[in-house]
Amino acid sequence: MTKETFLHDKHIALGAKMVDFAGWEMPVQYTSIIEEHKTVRENVGLFDVSHMGEVFVSGKESVEFLNKIVPQDISKLNYEKAVYCQLTNKNGGLIDDLIIYKLGILEYLVICNASRIDEDLNWMVRNSKGFDVKIDNQSHNYSLLAVQGPKADELMRELGLSTHQESFTIKPDKIAGIRVLVSRTGYTGEDGYEILVENNYSEYLWDKILEEGQSFGIKPIGLGARDTLRLEAALHLYGNDLDENTTPVEAGLSWSIPKDKKEYYNGKEVIEEQLKNGGEKKLVGLKMLDKSIARHEYEVYYKGEKAGVVTSGAPSPILGANIALAYVKNNKEICTGTIVQVMIREKLHDAEIIKKPFIQKRNKIKL
Amino acid sequence: MSIKENMLCSKSHEYLSDDGDNRFTIGLTDYAVEQLGDIVFIELPDVNTEFKKGDTFATVESVKAASEIYMPVSGKIIEINEEVINSPETLNEDCYEKGWLVKIEATGDVSSESKDLLEYEDYKEELE
């Protein structure tokens, strides 16, 4: 049976088209994916992302434990800060990608993908043997709302956000009178916030944000636009662009990995070697040179030979072109500016490798 | 939205409307278009290509995915709608009048091939 978030009835009342996503019945669109996409780029949008997992990690050895399961250095993560991380297996393959927040002394919040909660928990518990640490899955008790877009900050202030928050920070606050955890993070490439709220208050908060957001042109945004927004920003989707046979280096995530971390972490040998020499494959951005659209699992060709595979592809409403992410052989010849071909319904279509992200991200702006 | 007269619908959501003289217009039903959402790309076959009932003859892509479109009866393509190739959103706006896909000349026995096709009202009922 599919699961429903506490906002399910709100989505139905708003006329959302519902689909199954990772075992959850979620809104894919309310009106139109393109319209919703543009709302987030131009004004502000509200997302229900309550399907995502919230796991609290605490205890005397929580830093040591977290340092074993991700390549990032959690000992350097400051209070109320967030860091983008990867959960790696012994071969350096990706079990999931995560955001880890430091909530207090020896207290961390791990946000993981809905489709990976079970695998993540299983892996975390197995790796916690011998560590004085408590792993507490609270996914069923919290709803997660995302407010994203250039007008998100102004709207959050209207709603009562009391302090200035830098990008990648988290703070307890009151929004519309409700006690929540607010982080300045997102999955759209825009400035924005994510609000963690107890399930019982999520409907009230959802309504308040839509009500107060009216003057900012707010709209509820479904998973369809969430996908095109994250693709334009070249943010990875687990299951499409990331899997257990792909390392963070191959996925283009080397920027997120410290080169000087002393502690051992799962897959360290492989990842350190790849940081020097690269992996078997590399993730590139594609722009189709005709009207065709490259989709997940379509093959990529270079000089007549199979050279890779598309992992995500869609029209970009902002660029007016069709874009994609693809893994290609880690070959110096295949780089930005190279023309490759994508096999679409038994015909080859030209695509140019272009720089990622496809749009200028605006979520790192410091005010 | 106005639906066509003399129209039958397939369970895979194509409509077949009778233009007389063994000629037919094929398109996607309003239900199909609504389900697909914003249509952004349409690939149609060349004129004179022949297809059997059930063959894939076109591809319609929404923002999210590509969908194959099937022949409701066997036929030869005699005209394709260039307008929907240039402006795929025409399907979202008007799938019956401006947003048709192809016109065909039937090559099989239409009365027996259309036995599994439904009147619009029955098709609608089937969806519920």
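Okay, starting with a definition: domain bounds here come from an automatic or database domain assignment. For chain A that assignment gives domain 1 (3-50 + 140-232) and domain 2 (280-367). Taken over C-alpha atoms, the centres of domain 1 and domain 2 of chain A are 29 Å apart.

Quick housekeeping. This is a predicted model, so local features need pLDDT of at least 70 and side-chain atom pairs count only at pLDDT 80 or more, while totals for chains, interfaces and linings use all residues. Residues are numbered from 1 along each chain as its sequence is written, with chains lettered from A and ligands numbered from 1 in the order in which they are written.

On confidence, the predictor gives the complex an ipTM of 0.89 and a pTM of 0.95. pLDDT is the predictor's confidence in each residue, from 0 to 100; chain B has a mean of 95, and 98% of its residues reach 70 or more.

In chain A, 16 residues of domain 1 are in contact with 15 residues of domain 2, where contact means that the C-beta atoms, placed from the backbone, lie within 7 Å. On the domain 1 side, α2 (33-42) and α7 (223-232) of chain A each supply at least two residues. By class, that side of domain 1 has 3 nonpolar, 6 polar and 7 charged residues. The classes go like this: Ala, Val, Leu, Ile, Met, Phe, Trp, Tyr, Cys and Pro are nonpolar, Asp, Glu, Lys and Arg are charged, and the others, Gly among them, are polar.

Now chain A overall. You'll count 8 helices and 20 strands, where helices (H or I, at least four residues) and strands (E, at least two) are DSSP runs, numbered from the N terminus. The C-alpha trace spans about 60 × 50 × 45 Å along its principal axes.

What share of chain A is buried? Buried residues make up 47% of the 367. The cut-offs are 20 or more other C-beta atoms within 10 Å of a residue's own for buried, 12 or fewer for exposed, and partly exposed in between, with C-beta atoms placed from the backbone.

That takes us to the core. A nonpolar core is a set of buried Ala, Val, Leu, Ile, Met, Phe, Trp, Tyr and Cys residues joined through C-beta atoms within 7 Å. The largest one has 125 residues, and A:L145, A:V147 and A:A294 have the most contacts inside it. Strand β18 (residues 321-329) of chain A gives the largest share, 6 residues. The core also draws at least three residues from each of domain 1 and domain 2 of chain A. If you click on A:V147, its contacts beyond four places in sequence include A:V44, A:L46, A:Y193 and A:I209.

One more buried spot is A:L235, with 21 other C-beta atoms within 10 Å. A:L235 sits in the loop between α7 and α8 (268-277) of chain A. Beyond four places in sequence, A:L235 touches A:Y187, A:G189 and A:R230.

On to chain B, with 5 helices and 10 strands. Of its 128 residues, 40% count as buried. Where does chain B touch chain A? The contact takes 9 residues from chain B and 13 residues from chain A. β4 (39-43) and β6 (56-62) of chain B each give two or more residues to the chain B side, which divides into 4 nonpolar, 2 polar and 3 charged.

Most residues other than glycine have a negative phi, and most peptide bonds are trans. The bond from A:K356 to A:P357 is cis, with omega near -10 degrees, and A:P357 is in the segment after β20 (347-354) of chain A. A:F168 has a positive phi near 60 degrees, and with 17 C-beta neighbours inside 10 Å A:F168 counts as partly exposed. B:N48 also has a positive phi, about 85 degrees; B:N48 is in the loop between β4 and β5 (50-51) of chain B and counts as exposed, with 8 C-beta neighbours inside 10 Å.

Terms used: Contact = placed C-beta atoms within 7 Å.
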